[in-house]
Amino acid sequence: MKAAYIKKYGHDPLTIGERPAPEVGPEDVLIQIKAASVNPIDFKMRDGKLKVIRPIQFPFILGHDCAGQVVQVGNKVSNFKIGDAVFSRPRSGRIGTFAEFIAVDQSDVAKMPGNISFEQAASIPLVGLTSVQALQDVANLRPGQKVLIQAGAGGIGTFAIQFAKHLGAEVWTTTSSKNIDFVKSLGADHIINYQQQSFETVVSNIDVVFDTLGGEALDKAFSVVKPGGWVISISGTPDYETGQDMELGFWKSLLLGLVGLKTNLKAKKAGVQYRFIFMKANGHQLSYIASLIEKGKIEPIIDKVFPLAECQAALDYSETGRARGKIIVSI
């Protein structure tokens, strides 16, 4: 099968070539991939930034979510049949969606919403699961609460704004001048133009900050959250709890605990709760997300679509941080 893969850590261009077709286990569905999406975790893995917690073996096919059609099922699969249109974020250790086929555990798969295309469906799994697990599972975001979503025009932001509004929250977001009307159209109640204002001078007494930027933005987030509120990050510092949650073992968890000590001390000093999350594959939650899309509560947002042969260009575009919504690779 054709696939886009790396041969080592670093900035070498992706290789587009032939790789062995995946083996299908008894609990697996084999998906003929129609489209996949690009996420920042792809170039972070390529660069080796996650090798302590997610070591990989080369050659390694990138790509973390997809949509396609079931072409084979394992003998213990009961939820899917050949011909089903599905979407998925495969579990860690089994990713590789920049390819023509992938074998995925049936518990990580859901049937696609019936009212969208394969390209739109491929844009959803990683950002959707991340938003649901951050805002609903961890923060327990409730109607009337205030949430600040960083980078509202990005891949995560475009989904998170819509989902937070579905939960009944009052949504603040940061964006550039050119995207103000765009994030308003997604449902954001208050927009902070980061080119003109620093968010920490505008907002206060926030219930939840969903940090997608890390660095200085994460440090400043602790000053705007009310006591007992949440700062949840996908771009900040992992910690001991992250290691335990990912079942990395005592020593790696301890190492992450040391890495995350500074951030956790800031959270403690501010009297707020902090969590760094790596989303987990979850077919049931994908089915829930599919129902929201079919009801018109969530609209997939796509910036550009690239063919598999131009997967490197898609990755380069993602790295600029300028995409409005998701970047798709059509297989």
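Lys304 lies over the face of Tyr317, at 4.4 Å from the ring centre, where a charge counts as sitting over a ring if NZ of Lys or CZ of Arg is within 6 Å of the ring centre and within 35 degrees of the ring normal. Arg19 is likewise placed over the face of Tyr5, at 5.4 Å from the ring centre. This is a predicted model, in which local features need pLDDT of at least 70 and side-chain atom pairs count only at pLDDT 80 or more, while totals for chains, interfaces and linings use all residues. Residues are numbered from 1 along each chain as its sequence is written, and side-chain values use heavy atoms, with hydrogens and water left out.

**Aromatic pairs**

- The count comes to six aromatic pairs, taking rings of Phe, Tyr and Trp (its six-membered ring) with centres within 6.5 Å, and calling planes under 30 degrees apart stacked, over 60 edge-to-face and the rest tilted.
- The rings of Tyr9 and Phe58 are edge-to-face, because their centres are 5.0 Å apart and their planes stand at 85 degrees.
- Phe306 and Tyr317 form a tilted pair, with ring centres 6.4 Å apart and planes at 50 degrees; both residues are buried, a word that means under 20% relative accessible area, with exposed meaning over 50% and partly exposed in between (1.4 Å probe, protein chains only).
- Phe159, Phe163 and Tyr288 form one aromatic cluster.

- Strand S9 (residues 146-149) runs parallel to strand S12 (residues 206-211) and is joined to it by three bridges, and Ile149 has Phe210 as its bridge partner in S12.

**Cysteines**

- The whole structure contains zero disulfides, a disulfide being a pair of cysteine sulfur atoms within 2.5 Å.
- For Cys66, the nearest cysteine sulfur is that of Cys311, 13 Å away.
- Cys66 counts as buried, at 0% relative accessibility, and Cys311 also counts as buried, at 1%.

Methods. Two strands pair if DSSP finds at least two bridges between them. Helices (H or I, at least four residues) and strands (E, at least two) are DSSP runs, numbered from the N terminus.
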